[in-house]
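Dear colleague,

I am handing over the structure below, and would be glad if you could read the notes that follow alongside it.

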Amino acid sequence: MNAPFSLTRRQFLVRSLSTGAGLTLALYLPGCGREPEADTGTAGPGQAGARVAPEAEFEPNAFVRILPDDRVEVVIKHLEMGQGTFTGLATLVAEELDADWSQIVPVPAPADPERYNNLNWGKLQGTGGSTAIANAYTQMRQAGATARHMLVQAAVAEWGVPASEIRVSKGELSHPDSGRTARFGELAAAAAAQPVPEEVLLKEPGEFTLIGTFLPRLDNAAKLDGSAVYTQDIQLPGMRVAVVAHPPRFGARVKAYDAAAAKQVKGVTEVVGIPTGVAVLADNTWSAIKGREALKVEWDESAAFRMSSREILDDYRGRAQGPAAVARSEGDAAAALERASTRLTAAMHMPYLAHAAMEPLNCVMQLTEDGCEIWNGEQFQTVDQQNVAQVLGLEPGQVKINMLYAGGSFGRRANPHSDYLVETAHIVKSASGKAPVKLVWTREDDMLGGYYRPFYYHELEAGLDGEGMPVAWRHRIVGQSIMTGTVMEGGMVRDGVDATSVEGAANLPYAIPNLEVDLVTTELPVTVQWWRSVGSTHTAFAVETFIDRLARAAGRDPVDYRRGLLKDHPRHLGVLELAAQKAGWGRPLPEGRARGVAVHESFNSYVAEVAEVSIGDNGRINVERVVIAVDCGVAVNPDNIRAQMEGGMAFGLAAALMSEITLEDGQVVQSNFDGYEVLGIDRMPVVEVHIVPSTEPPTGVGEPATPVIAPAVANALSVLTGQDFDRLPLQLAV
């Protein structure tokens with residue numbers, strides 16, 4: 001066992017429901033509030049958010065409930081959007097509880113930043129940045145270990161035997177000498193009456209029986225049989241479905257509208273103007289869409305944005321020659337460049353990108369006597385509570401949120417401005433009947449006027465010494481800030497540098513003595529937001545393709561070149577070596593095929609990918625095989641890690657090969673998957689995932705595979721063609 005956690009630091013409080021209701025645990029962490037009173041009441045799953053704590057209390061985080069029927073409910077504070085959160089977090093509780101996997105039931109937590117905050121973000125509940133497992137690893141294990149301890153003490157009291165002689169395994173307590181056994185549910189009520197332990201012991205990694213093994217995902221069955229509930233499944237009495245006519249260009253506004261024709265459409269009940277456009281409400285989605293088609297809107301485009309992607313690129317090239325904010329400066333890059341034996345430069349650009357999740361945006365909202373209630377694939381509870389409350393004139397605590405499954409997000413549902421939730425609030429507020437409203441954005445709505453990964457332009461320059469090793473590195477990035485104007489600006493934007501714009505570049509791991517990374521932040525009305533793996537989506541491509549160019553200029557093998565520059569970064573080096581070994585780096589390939597490599601750290605996880613690439617007779621880029629090595633600390637669920645590596649790589653491969661949002665005269669050109677291509681199964685390569693064994697605390701896996709694949713493919717293409725690749729999606733020279 002590890003050293004015990006003292007309850008003077010991590011205080012636990014257990015409170016029973018009624019005697020027959022089982023055992024509910026609430027876990028208090030330092031810094032989350034004040035000391036709890038002894039009689040703070042019940043905070044079980046789905047109930048914690050309803051409780052208003054006295055001013056002088058710590059607020060609890062309730063995670064475990066053991067029911068008399070032997071089920072173990074695990075309250076999950078993070079959104080399940082396909083990344084395996086329900087399974088991963090439940091594994092941590094089940095491990096320390098020694099529960100049987102079949103008795104584990106995940107339960108979504110209510111919105112409550114005091115109890116269910118993301119520990120990496122302070123008092124803010126939300127899912128993102130690949131933090132779900134990373135922030136809850138110890139927290140959830142403590143909850144499970146505490147429950148186990150109290151069950152054992154209940155057995156001690158009932159059986160009159162020493163605790164050291166009691167075994168716990170697969171949801172059952174036993175005393176071998178007396179032959180007595182009891183399931184968790186049988187002891188739940190008695191356990192609830194036990195005092196809170198002064199200390200809890202957590203297992204050593206060698207004692208794990210569930211962590212590190214294959215466990216079936218807890219959300220699979222419901223998703224397969226259709227019983228899983230998404231926002232689109234919500235139907236409330238009297239509910240209206242709303243769609244919104246949005247401006248055709250960023251910066252345009254409604255000048256006037258005529259709702260007469262829209263109201264003639266069968267099923268349309270109301271048309272209302274809101275700050276973001278004109279909303280059509282109807283009995284069903286089809287009628288709402290047909291009503292919107294009949295709606296006549298006159299737009300004021302006097303302040304509308306009208307630049308094209310080409311014009312933005314030209315503008316950014318000019319801005320790159322002006323002043324910039326310094327993100328990192330070491331040595332004297334300018335002087336070292338002057339002294340260098342060889343100098344290389346590159347200029348690259350990456351387009352706007354859409355999130356394009358399978359489930360389009362939607363939200364259900366209903367005004368209540370106490371405030372409002374929301375049903376949503378909820379990713380950003382605390383921010384959404386605040387923003388919706390502001391629109392409706394409520395306190396954030398009056399906004400109750402029911403977290404449902406989300407059919408993907410890739411960051412889109414964690415909008416800092418709560419765009420589609422705020423829009424729903426305006427519709428509910430404006431609609432005369434105050435009926436519950438389901439807002440539906442079609443895919444075209446989101447692709448034509450949603451939020452995008454920003455367009456970026458990069459300029460790089462490096463100087464090599466006589467041995468071909470880099471002695472100077474300058475990297476300038478031009479693009480819009482994601483954080484400016486959001487509640488995160490104060491913490492994420494310093495001295496003019498948005499940390500998300502330069503991550504992956506400012507923390508360059510390569511040993512280069514003279515280094516400068518800076519940023520030019522632009523202001524455009526095009527709405528931008530983080531996208532899967534955030535800043536690394538563009539910086540990894542720039543850095544890793546440029547490193548390959550340096551290796552070629554030095555006449556060195558790219559793996560060996562990186563190996564020499566990463567000697568002080570063992571985890572980067574570890575995944576690089578493993579990926580190269582498993583890919584057979586250096587062994588001959590069939591004619592017409594080449595390998596490329598890239599290595600990158602994001603969200604404290606380290607990933608290297610080796611891509612084998614060929615070019616078809618039609619000029620199509622074929623990625624034949626990808627070998628991935630990942631170091632994410634303790635592998636809580638290896639099967640899920642492999643799935644996330646595969647999915648993240650495929651997501652990034654789409655951006656490498658085909659996905660692109662372009663603007664013409666200020667309007668988005670693409671509107672659906674026919675124009676915004678994503679990776680089809682016919683383009684999916686053979687994928688191998690190898691996990692570095694580790695006892696380090698676990699880190700995220702949802703995003704780190706995404707940024708690595710584009711440079712790996714580009715580097716392979718450079719071997720095949722001799723070309724340098726300066727843009728995404730990749731394009732072969734004609």
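In what follows, a residue is called buried when its relative accessible area is under 20%, exposed when it is over 50%, and partly exposed in between (1.4 Å probe, protein chains only). This is a predicted model, in which local features need pLDDT of at least 70 and side-chain atom pairs count only at pLDDT 80 or more, while totals for chains, interfaces and linings use all residues. Residues are numbered from 1 along each chain as its sequence is written, and side-chain values use heavy atoms, with hydrogens and water left out.

The chain is divided into domain 1 (58-225), domain 2 (231-302 + 361-440) and domain 3 (309-353 + 452-721), with bounds that come from an automatic or database domain assignment.

Because 16 of its 19 residues are buried, α14 is largely enclosed by the rest of the structure. Just after α14, Gly-555 takes a positive phi of about 70°.

Domain 1 and domain 3 bury about 1,300 Å² between them, 60% of it on carbon and sulfur atoms, where buried area is the accessible area (1.4 Å probe) that two parts lose on being put together, summed over both. Gln-83, Ser-130 and Tyr-137 supply 33% of the area that domain 1 buries against domain 3, more than any other three residues. Across this interface there are zero salt bridges, taken as a side-chain nitrogen of Lys or Arg within 4 Å of a carboxyl oxygen of Asp or Glu.

Best regards

Conventions: Helices (H or I, at least four residues) and strands (E, at least two) are DSSP runs, numbered from the N terminus.
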